[in-house]
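Colleague: I would like to go through this model with you. Could you put it on the screen?

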Amino acid sequence: MRVDGRPMRTLWPAPGRDALFVIDQRALPHRLAVARLDDAAAVHRAIRDMWVRGAPLIGASAAYGLALQMNVAADDAALESSAQWLKQARPTAVNLAWALDRLLAVLRPLPPAARRDAAWAEAAAIAEHDVAVNAAIGRHGLALLQAIAAKKGGASVNVLTHCNAGWLATVDWGTATSPIYQAHALGLPLHVWVDETRPRNQGASLTAWELGQEGVPHTVIADNAGGHLMQHGQVDLVIVGCDRVSARGDVCNKIGTYLKALAAHDNGVPFYAAMPTSTLDRSLHDGLAEIPIEERSAREVTHLAGRNAAGEVVEVQLVPDGSTAANPAFDVTPARLVSGLMTEFGVVAADADALRTLGEGA
Ligand code: MRU
């Protein structure tokens, strides 16, 4: 997508294959910063500390991290231990393991001397695959937006989204935002309610920024406002991303997603999750019981960063000295609350039968 009118992706390899460049998302929305990651340790840190974030992007980043490792040591022990270590950078999004397992399947049968070239080629293929998959999700989701627009007789379609499942969370296009960008490009009138998404505010700082760069009309709302807007007919559909989906269609996504699904269910508002199949974890059945939920630092809850009147980014404390805070970073929305999953193969039901055969014959 575009930044200041110029096309950009969230990551790209250095021409000499000795580094990975990424947008450092910690600086947004106040500044566009690009970081150079020189080795697998730097990539691990960038994932763990959320310089890069979002399920598909951490998968693609990790793939390049393993390719960087192959520059310096490509024997079996280095390959296995680096892949395991990168997988541990964040626990919830399954794309991280998916991308590394895809790379391992290519590299394991090769002699160490052949692994470097193969790793860089496969990491690039994973990144390109992400772009193509997200574009396809957008085409399928677009049909839903067009159907709603037709029913509304040309009035603006109101979409609510949570967290950032935009192009910043992927290599390009985004998942939840891909139908939105494609509809906007076709001139379909739409407006996006952007949940701020406490505690890290990925909606307020990232989704709002990228929608603004593309000229998509949007309004940032406090996380608590969504239910009220749905009760008053101001939300036509909800589209969220996901970090892991179980075999029966339970959707794990950023904390607060479940509450939006409950409110949508109560108000008859369709609730969709945009899901590349790399986010489907067929090894898990009961998402609520089996998906590991990342517990992040309490400081993300007790403190907040923002730009002051002097233009400086400062951090302030929100809570009394001595108050403790808990910070579960994801929740699981049961499949029964999910109207459908927007995938690269089409929009499918969130149930075991639909997911068992998803992508077969493709
Ligand atoms: O903790 P984050 O910011 O990495 O969480 C990201 C989300 O929950 C996204 O909505 C999800 O990964 C989908 S990204 C296309």
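Colleague: Is Thr197 buried or exposed?

Modeller: This is a predicted model, and in it Thr197 is buried, because its relative accessible area is 0%.

Colleague: Where is Thr197 found?

Modeller: Thr197 sits in the loop between E7 and H7. Its phi is near 70°, which is a positive value in a residue other than glycine. Most residues other than glycine have a negative phi.

Colleague: What kind of peptide bond joins Arg198 and Pro199, cis or trans?

Modeller: That bond is cis, with omega about 10°. Pro199 also belongs to the loop between E7 and H7. Most peptide bonds are trans.

Colleague: Back to phi for a moment. What is the phi of Asp4, and where is that residue found?

Modeller: Asp4 has a phi near 50°, again positive in a residue other than glycine. Asp4 is in the loop between strand E1 (2-3) and strand E2 (6-7). Asp4 counts as exposed because its relative accessible area is 57%, and the cut-off for exposed is over 50%.

Colleague: Now the ligand. Which residues come nearest to it?

Modeller: There are 19 residues around the ligand, and Arg53, Arg90, Gln202, Asp243 and Lys254 come nearest.

Colleague: Which atoms lie 2.7 Å, 2.8 Å and 3.0 Å from an oxygen atom of the ligand?

Modeller: At 2.7 Å from a ligand oxygen there is a polar side-chain atom of Arg90. A polar side-chain atom of Gln202 lies 2.8 Å from an oxygen atom of the ligand. For Ala55, a backbone N or O atom lies 3.0 Å from a ligand oxygen.

Colleague: How much of the ligand does the protein bury?

Modeller: The protein buries 100% of the 420 Å² that the ligand exposes when taken alone.

Colleague: Arg90 again: which salt-bridge network includes it?

Modeller: Glu300 forms a salt bridge with Arg200, with 2.7 Å between the closest N and O atoms. This pair links distant parts of the chain, 100 residues apart: Glu300 is in helix H11 (residues 299-302), and Arg200 is in the loop between strand E7 (190-195) and helix H7 (202-213). Glu300 counts as buried at 13% relative accessibility, whereas Arg200 is partly exposed at 31%. Through shared partners, salt bridges join Arg90, Arg200, Glu294, Arg296 and Glu300 into one network.

Colleague: How many salt bridges does the count come to?

Modeller: The count comes to 22 salt bridges. One of them joins the side chains of Glu80 and Arg108, at 2.8 Å from N to O. Glu80 lies in helix H3 and Arg108 in the loop between H4 and H5, so this pair ties together parts that are 28 residues apart in sequence.

Colleague: What ties Lys87 to Asp101?

Modeller: Those two also form a salt bridge, and their closest N and O atoms are 2.6 Å apart. Lys87 is in helix H3 and Asp101 in helix H4, so the pair ties together parts that are 14 residues apart in sequence. Lys87 is partly exposed, with a relative accessible area of 21%, and Asp101 counts as partly exposed at 37%.

Colleague: Last topic, the surface. Which residues make the nonpolar patch of about 220 Å²?

Modeller: Val314, Val316 and Leu318 make that patch. Leu318 lies in the loop between strand E15 (313-317) and strand E16 (330-333), and at 45% relative accessibility Leu318 counts as partly exposed.

Note on methods
Residues are numbered from 1 along each chain as its sequence is written. This is a predicted model: local features need pLDDT of at least 70, side-chain atom pairs count only at pLDDT 80 or more; totals for chains, interfaces and linings use all residues. Side-chain values use heavy atoms; hydrogens and water are left out. Patches are made of residues with over 30% relative accessible area and no salt bridge: like charges are joined within 9 Å, nonpolar side chains (Val, Leu, Ile, Met, Phe, Trp, Tyr) within 5 Å. Accessible areas come from the Shrake-Rupley method with a 1.4 Å probe; for residues, only the protein chains shown count as cover. A salt bridge is a side-chain nitrogen of Lys or Arg within 4 Å of a carboxyl oxygen of Asp or Glu. Helices (H or I, at least four residues) and strands (E, at least two) are DSSP runs, numbered from the N terminus. Buried means under 20% relative accessible area, exposed over 50%, partly exposed in between (1.4 Å probe, protein chains only). A residue is near a molecule or strand if one of its heavy atoms lies within 4 Å of it. A polar contact is a pair of N or O atoms within 3.5 Å; within protein, one must be able to donate a hydrogen and the other to accept it, and residues adjacent in sequence count only if both atoms are side-chain atoms.
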